[in-house]
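Student: I have a structure open and want to understand how it is put together. Can we go through it piece by piece?

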Amino acid sequence: MNTSAKKMTRAGLAAGSAALILFLTTGCSTKNYVRSQTAPLVQNTNELDARTSQDHRNIVDTDTRAQAGIASAQNAANAADQHAMAAGQAANQAQGSAKDAYNRVDSLSGVVAGLDTYKPLSESSVTFAFDKSTLTPADKKALDTIAASLDTTKHYILELTGGTDSTGDAQYNYALSQKRADAVAFYLQSKYNIAPHKFYMVGIGKDKEVASNRTAAGRKENRRVEVRVLSNLQEEATTSAQNAPAGQ
């Protein structure tokens, strides 16, 4: 190989080496560039995944607390319902006990039987809506007036006569008139602590009208409870005599 050929060969090898170095250098630069560009993306993706996972955990935790709160509120509501039911049962038992202690009779004559020494001091009445045994505010006000008069009355009893208008079955009306008398007695007994044994009660249904049942106004008057306050004047006189100062 002549000198010129050798020089060309060495020149070719040098050019090839330079090209290879350039390729390798360019390839490394490209990889570095790609890594520099993709690294933030990867980091952002990782951060987004982390936030997503945390958000999911927060949602699950919030849901768990919410479910626990709902369960706690439901338990509290159930407990309140049980307390209210127990209180209602106690009230019903108290009302039932009071009603059991009332003196009940089957006729008007039975009310005053054996009570010859009791004389009426006052009379009043309250009326009811059709087929109802609920006291109205006006009824309660009238009963309050009666109760106020008892503060200075001794040895008294209360005679309650419940009645109805002429509408409906006789047996049904007997029961309804008794319910009306019960409503009056329980109101006075519970609000003013009047002993149940002081009540003498009878439900006469539609047996005795106090007004004509031919008119609406008359029927309203018949849907009533008549309240009479009676006092044992004989016992009161005896007590007064016993408390009188002795003579000289």
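Tutor: We will go from the overall layout to the sheet, the core and a few single residues. Keep in mind that this is a predicted model.

Student: OK, how many helices and strands does the protein have?

Tutor: There are six helices and five strands. Starting at the N terminus, the elements run α-β-α-β-α-β-α-β-α-β-α.

Student: And what share of the protein is buried?

Tutor: Of the 248 residues, 24% are buried.

Student: Now the sheet. What is the order of the strands?

Tutor: The order is β1-β4-β3-β5-β2, in an open sheet of five strands with mixed pairing. β1 and β2 stand at the edges and have a single partner strand each, so one side of each has no neighbour in the sheet.

Student: Which way do β1 and β4 run, parallel or antiparallel?

Tutor: They run parallel, joined by two bridges. Arg-104, for example, has Met-201 in β4 as its bridge partner.

Student: Is β5 buried or exposed?

Tutor: Eight of the nine residues of β5, which covers 224-232, are buried, so this strand is largely enclosed by the rest of the structure.

Student: Next topic, the core. How many residues are in the largest nonpolar core?

Tutor: It has 23 residues. Among those with the most contacts inside it are Leu-143, Leu-160, Val-184 and Phe-199. The elements giving two or more residues to this core are α3, β3, α4, β4 and β5.

Student: Which of them gives the largest share?

Tutor: That is α4, with six residues.

Student: You mentioned Val-184. What is it in contact with?

Tutor: Leaving aside neighbours within four places in sequence, Val-184 is in contact with Val-126, Phe-128, Leu-135, Leu-143, Leu-160, Val-225 and Val-227.

Student: Back to α4. How far does it reach?

Tutor: α4 has 23 residues and spans 33 Å from its first C-alpha to its last, close to the 33 Å expected at 1.5 Å a residue.

Student: And what is at its ends?

Tutor: Asp-169 caps the N-terminal end of α4, with a side-chain oxygen 3.0 Å from the backbone nitrogen of Gln-171. Just after α4 comes Asn-193, which has a positive phi of about 55°.

Student: How many aromatic pairs are there?

Tutor: The count is one. The ring centres of Tyr-102 and Phe-199 are 5.4 Å apart and the planes are at 65°; over 60 counts as edge-to-face, so this pair is edge-to-face.

Student: Where do those two sit?

Tutor: Tyr-102 is in the loop between α1 and β1, and Phe-199 is in strand β4, so the pair ties together parts 97 residues apart in sequence. Tyr-102 and Phe-199 are both buried.

Student: Last one. Is Thr-153 buried or exposed?

Tutor: Thr-153 has a relative accessible area of 17%, and buried means under 20%, so Thr-153 is buried. Thr-153 lies in the loop between α3 and β3. Its side chain reaches the backbone oxygen of Ser-149 at 2.9 Å.

Definitions and conventions: Residues numbered from 1 in each chain as written. Predicted model: local features only at pLDDT ≥ 70, side-chain atom pairs only at ≥ 80, totals over all residues. Heavy atoms only, no water. Buried < 20%, exposed > 50% of the residue type's maximum accessible area, 1.4 Å probe, protein only. Helix = DSSP H or I, 4+ residues; strand = E, 2+ residues; numbered from the N terminus. Core = buried A, V, L, I, M, F, W, Y, C linked by side-chain atoms within 4.5 Å. Contact = heavy atoms within 4.5 Å. Expected span 1.5 Å × (residues − 1). Polar contact = N/O pair within 3.5 Å; in protein donor to acceptor, adjacent residues only side chain to side chain. Phe/Tyr/Trp six-rings, centres within 6.5 Å; stacked < 30°, edge-to-face > 60°. Pairing = 2+ DSSP bridges.
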